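Please look at the sequence and the structure first.

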Amino acid sequence: MDTLTPEHRSWLMSRIRSVDTKPEMFVRAVLHRAGYRYGLHCGDLPGRPDVVLRARGLAIEVRGCFWHHHPGCPAATIPHSRHAWWVAKLRRNASRDARHVRELLDAGWKLLVVWECFLGGSSPAAREAQARVLLGRVAALDAAARRRVDVLSAADAAAPGRASRRPLLSERAALDALLDPGFGMR
Ligand SMILES: [Zn+2]
């Protein structure tokens, strides 16, 4: 018997689709090669973060720009057909993401959100730049106080030098950066 509500089923499907996706595999491979050891999709933490460096209090989420509606990103489109349904659906996703970020930070965790567009280029040079920025930002978060956040997107992959000098976000700034004002989430 199928006891799932439609909402739960669609949530479940979005999780299944997002498990072991290519961008996440790249992030894991880079971290592993650099000597980091981590847990995956830890169900005891809000939002089941994709990669969890538990001893360091650091969680990493790799987010699809469409499904998680990356604010200001060209990939964060809203389909024309069934537009209102999509707006409601994507708004729910963003709302859930925001709640999980708050809960993680409240529990003292640090968080790195890697938007899929950060990993857009797949040439060896692009991959190398992405790996360098990623490891730099993980190290910066590791060295930082609790409740710090960083967000990596296409702009950081395009300007790795600038990305590596950027300050980490405070809890407040992180929520501002992660929420789409157009959705009225704040
Ligand atoms: Zn994006």
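**Reading the model**

The protein averages a pLDDT of 85, and 83% of the residues score at least 70; pLDDT is the predictor's confidence in each residue, from 0 to 100. This is a predicted model: local features need pLDDT of at least 70, side-chain atom pairs count only at pLDDT 80 or more, and totals for chains, interfaces and linings use all residues. Residues are numbered from 1 along each chain as its sequence is written.

Q: Over which residues does pLDDT stay under 50?
A: Where pLDDT is low, the predicted coordinates should not be read in detail. Here that applies to residues 181–186, where pLDDT stays under 50.

Q: How many residues does helix α4 have, and what does it reach from its first C-alpha to its last?
A: Helices (H or I, at least four residues) and strands (E, at least two) are DSSP runs, numbered from the N terminus. The expected span of a helix is 1.5 Å times one less than its number of residues. Helix α4 (residues 124–143) has 20 residues and reaches 29 Å, close to the 28 Å expected.

Q: Which residues of α4 are buried?
A: A residue is buried if 20 or more other C-beta atoms, placed from the backbone, lie within 10 Å of its own, exposed if 12 or fewer, and partly exposed in between. In α4 the buried ones are Gln130, Val133, Leu134, Arg137, Val138 and Leu141. They fall within an arc of 135° seen down the helix axis, so they line one face of α4; the arc is that of the directions from the axis to the C-beta atoms. Pro124, Ala125, Glu128 and Ala143 are exposed on the face turned away from the buried side.

Q: Which buried residues does α2 have, and what do they pack against?
A: Pro23, Glu24 and Val27 are the buried residues of α2. Their arc is 100°, so they too line one face of their helix. They pack against β2, β3, β4 and α4.

Q: Which residues of the largest nonpolar core touch the most other members?
A: In soluble globular proteins, nonpolar side chains tend to be buried together. A nonpolar core is a set of buried Ala, Val, Leu, Ile, Met, Phe, Trp, Tyr and Cys residues joined through C-beta atoms within 7 Å. The largest one has 33 residues, of which Leu111, Leu112 and Val114 touch the most other members. Its largest share, five residues, comes from β4.

Note on methods. Two residues are in contact if their C-beta atoms, placed from the backbone, lie within 7 Å.
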